[in-house]
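This briefing goes through helices, strands and a salt bridge, one topic at a time. Please keep the structure in view while reading.

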Amino acid sequence: MCMKDSDHIPLLKVKSISKYYGRRIGCHGIGFELWPGEVLGIVGESGSGKTTLLNCISGQLEPSEGAVWYASNGGVIDMCKAPEPQRRLVMRTEMGTVYQNPRDGLRMHVSAGGNIGERLMANGLRHYGQVRRKALNWLEKVEIDQERIDDTPDTFSGGMQQRLQIARNLVTGPRIIFMDEPTSGLDVSVQARLLDLLRGLVTELDLSMVMVTHDLAVTRLLAHRLIVMKDGEAVESGLTDQVLDDPQHPYTQLLVSSILQP
Amino acid sequence: MKKQFKEQSETGSDLSCVMEGYNFAYLDEQTKRMIRRTILKAVAIPGYQVPFGSREMPLPYGWGTGGIQVTASLIGPEDTLKVIDQGADDTTNAVSIRRFFSRTAGVHTTTRTREATIIQTRHRIPEAHLRNGQIIVYQVPIPEPLRFIEPRAKEVLRMHALKEYGIMFVKLYEDISRYGRIAKAFDYPVLVNDRYVMSPSPIPKFDNPKMDRMPALQIFGAGREKRIYAVPPYTKVKSLDFEDYPFEVERWSQCCALCGSDHSYLDEIITDDQGSRMYVCSDTDYCSQRLAGRDRDFQRGFKGKIPASSAIGTKKCA
């Protein structure tokens, strides 16, 4: 990989993000940097503010305090203050979000091909044949039978729906992808296949990824770095292996020790 | 039937028939002002749906409450009104609305497209070319073209504001992948002035090209949905399509069984229980004008070819 100017600055710079729901704290004072090609895991128990944090940095939720700087292709922009058209353009061209529940990320009454093509057409592609070709191509990449291109996602299995979500997001060649518990609704073997696919795509496309999960095994497999959250605060962060093998914070120690050993 | 129209149009112009106790054209002046302000805004932003305080009208929703309010706000004593429903001047809805305005406003009514200054329509644009100075008022059931694809009204407003119309093409994509062509035959979405995607009301897509750079002012009223939008004269109106699946209008293998027209929108009429059918112009005025021999092309091309059995009187009964 050749060194570009963009390699010297982080892709995403999050500066002490806080989100309050009234007097309740969603997340508080969290900051990190994400570099091109890096996979960041955010772990923690339910209600610890993982998803709130993810929504804040992916531009879907306005944080109460703090800033998110994103080094887009057109220059660095502040995702919290950028005008809405610009923010939405960046969100649908350079970013992608894979939701825990495929119903949030897919149009269930639109065929798989239409789901994949939506972003292409939103970005101005007006050629049916090309949309179709790209959709077929991406179905193959995410290991969905190409014959299912005209079937709606509600006829798909859970694992296929998640893979379709991934294809739908990656079709425009984003640089960063946000994942909210992508594997939580899937059984273990399907999880493994999805993770394998993700790992391949991340390397192949040089993607950066922020992944929220409560599954430490998933982060061990995919994430380069880890942030551990508890009650809206980041209690520990560092390299994945370092955090998981030598947890410092009592909560992280509890989390690591609570994994069932088969 | 034609005679009947004539009588109506005569009584319509008779001010002694105007109902007492009602303001001119039914609506009160303050409401008309409000609607005119809305129309001005709609004309200023072609294709943009302007909300307005729709009033209860003495007819049910779906029968043209939006169109009738727009017409009531625009009409003056000097105007001549034509009302069509599915192209026909003699259907219940058209007759009722025409009578409504002749009784509440005492205006002239007509069935002739060329004579009218205001044309209120449901589901068709007349075949005759409209000229500058005329106003065509459409009755609109659902003004939001994105409604069935994106049910969240707030999100839809944002999509309009930011000109994010990719989802509209998803609908067209779905049609092609399912049927091999864009199957939408009416209410075919258009892009107005390169800015707003607009529902042209449930006119057949056959009529879409007529909207492009039309010399007449086009105003759309949706009473139940409380929206008015407009296309000013000579404004670009483009039907959405794909580069490899361009927009096309319907074609028929037959000509009109009455007037022989090969270029107008045809209705299929079942004539008996054995499945016999005939195709006739849906625009009754256009058809009868041609039959009356006023169209010179018709005189040249189709003279003597009219089937003896088909007279204009039988047309609607068939």
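This is a predicted model: local features need pLDDT of at least 70, side-chain atom pairs count only at pLDDT 80 or more; totals for chains, interfaces and linings use all residues.

In chain A, α4(A) passes α5(A) in a right-handed crossing, and the residues that make this contact are G113(A), I116(A), G117(A), L120(A) and M121(A) on the α4(A) side, with V131(A), K134(A), A135(A), W138(A) and L139(A) on the α5(A) side. Sorted by class, the residues of this contact comprise seven nonpolar, two polar and one charged.

**Helix packing in chain A**

- Helix α4(A), which covers residues 112-122, lies with its axis 7 Å from that of helix α6(A), residues 158-170, and the two pack at an angle of about 30 degrees.
- Angles under 35 degrees count as roughly parallel, and α4(A) and α6(A) are therefore roughly parallel to each other.
- The crossing in which α4(A) passes α6(A) is right-handed, and in this contact A112(A), N115(A), I116(A), E118(A) and R119(A) of α4(A) meet L164(A), A167(A), R168(A) and N169(A) of α6(A).
- The residues of the contact between α4(A) and α6(A) divide into four nonpolar, two polar and three charged.
- With helix α5(A), residues 128-141, the helix α4(A) packs at an angle of about 120 degrees, and their axes are 9 Å apart, which is why α4(A) and α5(A) are described as oblique to each other.
- Helix α6(A) also packs against helix α7(A), residues 188-205, at an angle of about 15 degrees and with the axes 10 Å apart, so that α6(A) and α7(A) are roughly parallel to each other.
- The crossing of α6(A) and α7(A) is right-handed, and here G159(A), Q162(A), R163(A), I166(A) and L170(A) of α6(A) meet V190(A), R193(A), L194(A), L197(A), L198(A), L201(A) and L205(A) of α7(A).
- By class, the contact of α6(A) with α7(A) contains eight nonpolar, two polar and two charged residues.

- Strands of a sheet pair through backbone hydrogen bonds, and they do so either parallel or antiparallel.
- Strands β3(A) and β9(A) pair in the parallel sense over five bridges, and within this pairing L40(A) has R225(A) in β9(A) as its bridge partner.
- What does the side chain of R225(A) meet in a salt bridge? The partner is the side chain of E38(A), with a distance of 2.7 Å from N to O.
- R225(A) lies in strand β9(A), residues 225-230, whereas E38(A) lies in the loop between β2(A) and β3(A), so the pair ties together parts that are 187 residues apart in sequence.
- Over all chains, a search of the whole structure finds 35 salt bridges.
- Strand β9(A) is also joined by six bridges to strand β10(A), residues 233-239, and these two strands run antiparallel, with V228(A) standing opposite E236(A) in β10(A).
- The hairpin of β9(A) and β10(A) has two residues between the strands, and in this hairpin D231(A) takes a positive phi near 50 degrees.

**Sheets in chain B**

- Within chain B, strand β8(B), residues 217-222, and strand β9(B), residues 227-231, pair in the antiparallel sense over five bridges, and the bridge partner of A222(B) in β9(B) is R227(B).
- Three strands of chain B form an open sheet in the order β7-β6-β10, with antiparallel pairing, and its edge strands are β7(B), residues 196-198, and β10(B), residues 237-239.
- Strand β6(B), residues 190-192, pairs with β7(B) in the antiparallel sense over three bridges, and V190(B) has M198(B) as its bridge partner in β7(B).

Note on methods:
Residues are numbered from 1 along each chain as its sequence is written. Chains are lettered from A and ligands numbered from 1 in the order in which they are written. Side-chain values use heavy atoms; hydrogens and water are left out. Two strands pair if DSSP finds at least two bridges between them. Helices (H or I, at least four residues) and strands (E, at least two) are DSSP runs, numbered from the N terminus. Axes are lines fitted to C-alpha atoms, for helices over the stretch in contact, and angles run from 0 to 180 degrees between N-to-C directions. Angles under 35 degrees count as roughly parallel, over 145 as roughly antiparallel, 65 to 115 as roughly perpendicular and the rest as oblique. A crossing is left-handed if the near helix is turned anticlockwise from the far one by less than a right angle, and right-handed if clockwise. Contact means heavy atoms within 4.5 Å. Ala, Val, Leu, Ile, Met, Phe, Trp, Tyr, Cys and Pro count as nonpolar, Asp, Glu, Lys and Arg as charged, and the others, Gly among them, as polar. A salt bridge is a side-chain nitrogen of Lys or Arg within 4 Å of a carboxyl oxygen of Asp or Glu.
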